[in-house]
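Subject: Structure for you to look at

Dear colleague,

I am handing over the structure we spoke about, with its sequence, and below it you will find what came out of going through it. Please open it alongside this message.

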Amino acid sequence: MQVFSLFIRAKLTNYLINELNKFKYITLYSSNPQSGVVSFKIESIDSSEVSNILSEKYNICTRSGLHCAPLVHNYLNTTKNGLTRISISYFN
């Protein structure tokens, strides 16, 4: 069952990455479908606002902000608005 769930997670993550890549105003910070985690930002919108919209309108749970890595956000220049992170699991 675990191998199957890893396969499904990779397929779902890859699908999400491909769909988000279709939008020019979205910048992805994840490219490994095996990880099951996708971090992104939407141009000029705070990550907390993105998370609220996804939650309220689409019932999609995400995490927003600096994700316990402020130095990485300094390097990526995402400190101001943070990132939105989606974690994919077998149960999605």
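Predicted model: local features only at pLDDT ≥ 70, side-chain atom pairs only at ≥ 80, totals over all residues.

Lys22 forms a salt bridge with Glu19, in which the closest N and O atoms are 2.9 Å apart. Glu19, for its part, is partly exposed, because its relative accessible area is 26%, a value that lies between the 20% under which a residue is buried and the 50% over which it is exposed. A search of the whole structure finds one salt bridge.

How many cavities of 30 Å³ or more does a search of the whole structure find? The search finds one, and the space in the largest cavity comes to about 30 Å³. Its lining is made up of Phe40, Lys41, Ile42, Ile45, Asp46, Ser47, Val50, Asn81, Gly82, Leu83 and Thr84, which divide into five nonpolar, four polar and two charged residues. At least two residues of this lining come from each of strand S2 (37–42), H2 and strand S4 (83–87), and S2 gives the most, with three residues.

**The open space**

The largest pocket holds about 520 Å³ of space and is lined by 24 residues, of which Leu20, Phe40, Leu54, Ile60 and Ile86 lie nearest its centre. By class, the lining of the largest pocket divides into 17 nonpolar, four polar and three charged residues. Helix H1 (2–20), S2, H2 and S4 each supply at least two residues to the lining of this pocket.

Ser39 and Arg85 are 46 residues apart along the chain, yet their C-alpha atoms are separated by 4.3 Å.

**A nonpolar patch on the surface**

Ile53, Tyr58 and Ile60 make a nonpolar surface patch of about 280 Å². Of these, Tyr58 is placed in helix H2 (residues 47–58) and counts as exposed because its relative accessibility is 54%.

**Two residues with positive phi**

Which backbone angles deserve a second look? Most residues other than glycine have a negative phi. Ser44, however, has a phi near 65°, a positive value in a residue other than glycine, and it is found in the loop between S2 and H2. With a relative accessibility of 71%, Ser44 counts as exposed. Cys68 likewise has a positive phi, near 60°, and is not a glycine; it lies in the loop between strand S3 (63–65) and helix H3 (70–76). Since its relative accessible area is 74%, Cys68 is exposed.

With kind regards

Notes
Residues numbered from 1 in each chain as written. Heavy atoms only, no water. Patch = residues over 30% accessible without salt bridge, like charges linked within 9 Å, V, L, I, M, F, W, Y side chains within 5 Å. Areas by Shrake-Rupley, 256 points an atom, 1.4 Å probe, with all protein chains shown as cover. Salt bridge = Lys/Arg side-chain N within 4 Å of Asp/Glu carboxyl O. Helix = DSSP H or I, 4+ residues; strand = E, 2+ residues; numbered from the N terminus. Buried < 20%, exposed > 50% of the residue type's maximum accessible area, 1.4 Å probe, protein only. 1 Å grid on protein atoms, 1.4 Å probe; cavity = no way out; pocket = protein on both sides within 12 Å on 5 of 7 lines; lining within 4 Å. Points joined across faces, edges and corners; volume = space filled by probe spheres on them. Nonpolar A, V, L, I, M, F, W, Y, C, P; charged D, E, K, R; others polar.
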